[in-house]
There are 2 protein chains.
Amino acid sequence: MQDSHTSESTQSNIEEAIVSGILSARIRPGTRLSENQLASVFGVSRTRVREAMMRLETRGIVTVSPRRGWFVVEPSAEEAMTVYEARRAIESGLLRGMRALTDEGRTVLVSHLEEEKAAMAAGDRQRLTCLMGDFHIRIAELGGNPILVDILRDLTARTILISMLYQSEFHAVQSHEGHCRIFGAMAAGDFVKAAELSVEHLDEVETGLDLTTRPDPLSELRSSLSLPPRTVSSRPSGTRKTATSKEK
Amino acid sequence: MQDSHTSESTQSNIEEAIVSGILSARIRPGTRLSENQLASVFGVSRTRVREAMMRLETRGIVTVSPRRGWFVVEPSAEEAMTVYEARRAIESGLLRGMRALTDEGRTVLVSHLEEEKAAMAAGDRQRLTCLMGDFHIRIAELGGNPILVDILRDLTARTILISMLYQSEFHAVQSHEGHCRIFGAMAAGDFVKAAELSVEHLDEVETGLDLTTRPDPLSELRSSLSLPPRTVSSRPSGTRKTATSKEK
DNA sequence: TATGGCTATCTTGCATACAAGACGGGTAAG
DNA sequence: CTTACCCGTCTTGTATGCAAGATAGCCATA
């Protein structure tokens, strides 16, 4: 709501402005991000825009098509599954390792769930998308581990892009109930249960996607030509296979 | 062994060369990374070096001290605990979600454990450090989720930096046995057990650190001046608090 | 009409130039 | 001897310029 302030505060908000735009479902997957445009919007030179892009690229949020442009990632169906799998692993591990819920934490979650309910009542789908992702980030924040928070924030951003691509209808009620159940287990101090519920919940959301609709209509063509079906990684370039111990 | 090839293959190996150097314990925490030096070593201009640095910064591997230089991170004791906590969460979540061990996977792990044993016999501490980290990356690779692999690779790099800072004596035997136990559980198909063992193992390793020795000898001074005790995050700058839903 | 090639334009890739700040050594004053 | 200050040097920060490639539209041709 308050971005696009062109000249004021010439920090490197570019990166977070974009992530924030994605987290709030204002930026769609596949959106073109022109270096020149961003540079003029933010009142800086291309250099800083490129820095932000590179950072976002290593965070798995944008991709560059050489000499064609930067684009917000459009996760393939395979990538989508990978993201959900990663989230299941991390979030369940996070919850299992949690100690207890402080009063403050309880308050945060309760008020968050209230917000969800309010948004559902208002029928504000965009806000709802945003909140549904936020719930998980909130939990991560409660865990108190900033590394996991950052990781999950980026995965949540990707998740939102995924849902913008593959989510035909929004099972908001189901998600909200899932969140309530998770909170219930946490409030009861049963974090093992919370972890299990979290996995279930993510499974449900993933199942609710229509991963058969291909946003890449060339995929079957691509595969019939036996080209690599699009590399799936959280990292861009040939980062695959970092020299691990044995160097040939 | 095969880096520092100055002119040949002017790709963007810079990033992975550094990560690889850390993973193999050849680059120590706190190492200064001069843009000019790297530029001449890799035969490129500072621009590309800076790109690599920025990427490594978002990966939590290097830090920049404004107008002073880039440095390989020196995790504080607090950060060290955060890293281990994150690894416990992720690795246990990963293992719990694993299906089964393929024959190929079994082979990979067995031969890896053989290598560990050989390195122990040879007393090659550097190689051992490298292998100890690699074991966990191998497991992640077996999981087949490239996102988790990348995350764990970076966390492993940080772990190695941590052990270079805080590990007084190397409990290689203990670690190796931990790995063997984890493998045993995996081979038996008991991934829940493997996850539990993995948590235990990481706990042991963390306990084996001497997190009281402060590589930042100013910390008590810093704290007595009530300055923030050094920000702990996987992300550098004011990335904290990405606009989540409620914008003000 | 359909097709092949050419060019104009727009994109990023990369290097370079210059500015701004940090640091260290020297020097002079106390 | 200690302290304060100044300046040269080295570092990164940022903008800009140019090159290389990609794309789209146009035109000639079959």
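This is a predicted model: local features need pLDDT of at least 70, side-chain atom pairs count only at pLDDT 80 or more; totals for chains, interfaces and linings use all residues.
1. Ala, Val, Leu, Ile, Met, Phe, Trp, Tyr, Cys and Pro count here as nonpolar, Asp, Glu, Lys and Arg as charged, and the others, Gly among them, as polar. By these classes, the lining of the second largest cavity has 7 nonpolar, 13 polar and 2 charged residues.

2. Residues are numbered from 1 along each chain as its sequence is written, chains are lettered from A and ligands numbered from 1 in the order in which they are written, and side-chain values use heavy atoms, with hydrogens and water left out.

3. More on the cavities. Rolling a probe the size of a water molecule over the atoms shows where empty space is left. At least two lining residues come from each of α4 (77–96), α6 (125–143), α7 (146–166), α8 (172–187) and α9 (191–207) of chain B. Helices (H or I, at least four residues) and strands (E, at least two) are DSSP runs, numbered from the N terminus.

4. What is the strand order of the open sheet in chain B? The order of its 3 strands is β1-β3-β2, with antiparallel pairing. β1 and β2 of chain B are the edge strands, each pairing on one side only. Strands of a sheet pair through backbone hydrogen bonds, either parallel or antiparallel. Two strands are said to pair if DSSP finds at least two bridges between them.

5. The bridges can be followed residue by residue. β1(B) and β3(B) are antiparallel and share 2 bridges: L33(B) has W70(B) as its bridge partner, and R32(B) stands opposite F71(B). Between β2(B), residues 62–65, and β3(B) there are 4 antiparallel bridges. In that pair, V64(B) has W70(B) as its bridge partner.

6. Two residues of chain B deserve a look at their backbone angles. R67(B) is not a glycine, yet has a positive phi of about 60°. R67(B) sits in the hairpin of β2(B) and β3(B), which has 3 residues between the strands. At 89% relative accessibility, R67(B) is exposed (over 50%; buried means under 20%, partly exposed in between; 1.4 Å probe, protein chains only). A25(B) also has a positive phi near 60°, and lies in the loop between α1 (14–23) and β1 of chain B. Is A25(B) buried or exposed? A25(B) is buried, at a relative accessible area of 12%.

7. DNA strand C is surrounded by 19 residues, the closest being R50(A), S45(B), T47(B), R67(B) and R68(B). A residue is near a strand if one of its heavy atoms lies within 4 Å of it. Of the DNA strand C atoms within 4 Å of the protein, 73% belong to sugar or phosphate and the rest to bases. A polar contact is a pair of N or O atoms within 3.5 Å; within protein, one must be able to donate a hydrogen and the other to accept it, and residues adjacent in sequence count only if both atoms are side-chain atoms. A polar side-chain atom of R67(B) lies 3.1 Å from a base nitrogen of DNA strand C. Phosphate oxygens of DNA strand C lie 2.6 Å from a polar side-chain atom of R50(A) and 3.2 Å from a side-chain N or O atom of R68(B).

8. DNA strand D has 19 residues around it, and S45(A), T47(A), R67(A), R68(A) and R50(B) come nearest. The share of its atoms within 4 Å of the protein that belong to sugar or phosphate is 71%. Which part of DNA strand D lies 2.6 Å from an N or O atom in the side chain of T47(A)? That part is a base nitrogen. A phosphate oxygen of DNA strand D is 2.9 Å from a polar side-chain atom of S45(A). By class, the surface near DNA strand D has 5 nonpolar, 4 polar and 10 charged residues, and α3(A) gives the largest share, 3 residues.
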